[in-house]
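Hi everyone, thanks for coming.

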Amino acid sequence: MTTPQFDEFHVFDTTLRDGAQREGISYSVADKLAVAALLDELGVDFIEGGWPGALPSDTEFFARAADELRLKNATLVAFGATRKAGVDVAADPQVAALLDSRAPAWCLVAKSDVRHVRRALRTTPEENLAMVADTVAYGVNCGRRVFLDCEHFFDGFRADPDYATSVVRQGFDAGADVVVLCDTNGGMLPSDITETVTDLRRRLGGEPRLGIHCQDDTACAVANTITAVQAGVMHVQGTANGYGERPGNADLFAVVANLACKLGMDVLPGDGLAHITRVAHAIAEIANLAPDTHQAYVGNAAFAHKAGLHASAIKVDPALYNHIDPSLVGNDMRILVTEMAGRASIELKARELGLDLGSRPEALGRVTKRVKDLEARGWSFEAADASFELLVRDELAAGVKRHFRLDSYRVIVEHRADATVASEATVKVRVGGERVIATAEGNGPVNALDSALREALITHYPQLKAVSLADYKVRILAGNRGTDAVTRVLVDTTDGAREWTTVGVHDNVVEASWHALSEALAYRLGGSTS
């Protein structure tokens, strides 16, 4: 299918309205202003800010946005509905709220499935058409740019194509800039989208300005959106990272990347495409959600390679196993170090960390063997670059500085009569020629051990004052040993400027934690630990 050509193509973001319906997301007004600024920086054409009048926080958002938000690329859009049945449009409170929002553009939702008109709106098909015509025309006459979202369009077209088409036509006749076809239930497949859009365009004639909005209930929202564009749609709607109710919406970042990288369409201005990874992660943080590691294009693992066979080819030419250059979307290629990794994977990963194993074949062989042996016992270096780097440094320089050595540690957990639980750890380490003993309490055995180790080292290494634990994960490795199972601990550590991850494995969770904690501090000090 040929790449479509349009005089004007729209990227319309609805993260702040439809994306906010995802379970677990609750944006403050300040959050919404921050997200809008990021989306504008990316270069989207329209940002749907919410439904003024329906939600107090959305009303406040538009009031503040009018004075505080300085958009350079995007136009702010207020979402609303067509007037109520039997109510004059000028007297409808929710239409008045759209005007009060001061947003230069409106997106009006309308019923396009005659079954919804009769059963949900409880009005006649004729009155629904009048509601569309009156509200769109009113917005246009008030100087607003109006988009019409035809809710449940694809299901409605299946049930009664003539009526669904009449709603679209009524929107255009009343002055809608774009009429958006919504797969509200998310049940369509790409072939359904192509067939329906093609049939509708034939019925309307000419070059109607159609848009597409897809939910992801069949996991086809991105594919359906791209298919709609190939069928003649010139306006795409989606949300950052695919956020939304149920399984979510079309991921706008994947949509934009596909349009740009696969169809050759310039849908973002300037170098906007190169910022989508950064913006995707920033919006996830604002939403208080962990970025999806495996998200297409922008995920940390989107261009990560694990098998040794892949790495061998990548060593020759990275393009052999990457569908695009990761830098086009602001991402990077990564080599994962696992028991599946061969010498090529190990060499490439070391090079990624600034270490040369290629000129040291004997060291490369030793590192490869150690990795495979450790991984077979439950260790995992995929997400623990710091531990892997320490391992490589040990093999490259047998005399690498060891900033401290463990003599012993002891951890006590006491459950008292008043039901309180106290944890205390004592650590004995050698720093240079000195034996240091430190004791600390914590809210658990691992926290106490972490505190005691820092207490023992901080006099000699004051730079560790800035180091803190960012995250702590425990995984019980596969098996049927119950509480006697082997545990893997991953520790994320930060010094405020960067973050690194270390790993520990043992059938005692405290000992596994010690491995990860001690390596985290050793990494920050630039050496090793015994």
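So, how many aromatic pairs does a search of the whole structure find? It finds 10, and keep in mind that we're looking at a predicted model.

Quick reminder before we zoom in: a pair of aromatic rings is described by the distance of the centres and the angle of the planes.

Let's start with F12 and F147. Their ring centres are 5.6 Å apart and the planes sit at 80°; anything over 60 degrees counts as edge-to-face, so that's what we call this pair. Now, where are these two in the chain? F12 is in strand 1, residues 10–13, while F147 is in strand 5, residues 145–151, so the pair ties together parts that are 135 residues apart in sequence. F12 has 0% relative accessibility, so it counts as buried, and F147, also at 0%, counts as buried too.

Okay, next pair: F153 and F157. The centres are 5.6 Å apart, but with 40° between the planes this pair is tilted. Both residues lie in helix 6, residues 153–159, and they're four residues apart, about one turn of the helix. Buried or exposed, what would you say for F157? With a relative accessible area of 7%, F157 is buried. F153 is at 0% relative accessibility and counts as buried.

R17 lies over the face of F79, 3.8 Å from the ring centre. And K32 has its charged end over the ring of F61, at 5.3 Å from the centre.

Terms used. Residues are numbered from 1 along each chain as its sequence is written. This is a predicted model: local features need pLDDT of at least 70, side-chain atom pairs count only at pLDDT 80 or more; totals for chains, interfaces and linings use all residues. Side-chain values use heavy atoms; hydrogens and water are left out. Rings of Phe, Tyr and Trp (its six-membered ring) pair if their centres lie within 6.5 Å; planes under 30 degrees apart count as stacked, over 60 as edge-to-face and the rest as tilted. Helices (H or I, at least four residues) and strands (E, at least two) are DSSP runs, numbered from the N terminus. Buried means under 20% relative accessible area, exposed over 50%, partly exposed in between (1.4 Å probe, protein chains only). A charge sits over a ring if NZ of Lys or CZ of Arg is within 6 Å of the ring centre and within 35 degrees of the ring normal.
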